[in-house]
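Q: Please take a close look at a single part of this chain. Walk me through its surroundings step by step.

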Amino acid sequence: MHDPRIIVALDFSSAEDALKLARKLKPHLCRLKVGKELFTATGPQLVEKLMHMEFDVFLDLKFHDIPNTVASACKAAAHLGVWMMNIHALGGRKMLTAAREAIPQSSNTKLIAVTLLTSMDQSDIADIGLQGKPEQIVMRLAQLAKDCGLDGVVCSALEATNLRQQFGADFCLVTPGIRPADSQVNDQKRITTPQQAIENGASYLVIGRPITQASDPLLMCQQLNSEIANLM
Ligand SMILES: O=c1ccn([C@@H]2O[C@H](COP(=O)(O)O)[C@@H](O)[C@H]2O)c(=O)[nH]1
């Protein structure tokens, strides 16, 4: 069975654009991520279509609300049958626990928590009044997620080495902020190359614009997969 390490972020505003890209890609090469823009524009039907095309779907809606609301949203997402979903670790222990308990034990959906967005650095942290360095905040929130029984976290691959060491091989480290050497950084701050991410112990690499805006997205995905395979 294939276990592709690349998750392509389908950050599009319409089902047509998302499906056009998905048709170019292959389920054995990548998984797909549906985020806030695409889900708000297209709803669960698009998620179902992508799953019907045999893609594993990561529903990246980053739920963050009172425990009861987040638990109900997680139950609905698990019912959709997505491969993975996420919530914000900053929602706290009660929210994380309620979310975990809301997903039926029979469900295979992985539940992970966003620690600190990869678009944030030390100055953004200071701005919102959080204490500590990014890696300390990420470690603290990852510990909370682990304590609440979650399957892993979203973090930068810059933090992956320490997290892997602390939480072991089975804890899922999903890392956005991936930038191949010659690509634009855009709004990301805590970035690594795909190679660094794998070497640091990332489980999955979330890659959006470097693939979706490539002149040949399939070729880019194949090249990145080969580079990853050579490291493993
Ligand atoms: O900390 C986070 C959490 C989620 N994301 C999402 O990942 C992709 C990254 O896209 P790029 O085009 O490769 O920058 C995007 O959908 C974000 O919403 C993240 O970047 N950082």
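A: Start with a pair of strands. In this predicted model, β4 pairs with strand β5 (residues 110–114). The two are parallel, and five bridges link them. At one point of this pairing, H88 stands opposite V114 in β5. How does the chain get from β4 to β5? The path goes through helix α5 (residues 93–102). This β-α-β crossover is right-handed.

Now turn to β3. Strand β3 (residues 57–63) also runs parallel to β4, and three bridges join them. Here L59 has M85 of β4 as its bridge partner. Helix α4 (residues 67–80) belongs to this part too: β3, α4 and β4 form a right-handed β-α-β unit.

Is β4 mostly covered or mostly open? Strand β4 spans residues 84–88, and four of its five residues are buried. That makes the strand mostly covered.

Go back to helix α5. Its buried residues are M95, L96, A98, A99 and A102. Why do they lie on the same side of α5? They cover an arc of only 165° around the axis, so they share one side of the helix. Their cover includes α4, β4, β5 and α7 (134–147).

Last, the wider setting. An unreviewed UniProt entry annotates residues 5–224 as "domain: Orotidine 5'-phosphate decarboxylase". Over residues 5–224, the chain is 44% helix and 16% strand. The end C-alpha atoms of that stretch are 10 Å apart.

Definitions and conventions: Residues numbered from 1 in each chain as written. Predicted model: local features only at pLDDT ≥ 70, side-chain atom pairs only at ≥ 80, totals over all residues. Buried ≥ 20, exposed ≤ 12 C-beta atoms within 10 Å, placed from the backbone. Pairing = 2+ DSSP bridges. Right-handed = clockwise from strand over helix to strand, strands pointing away. UniProt positions renumbered as here; feature names shortened; annotations may be inferred. Arc of directions from axis to C-beta. Contact = placed C-beta atoms within 7 Å.
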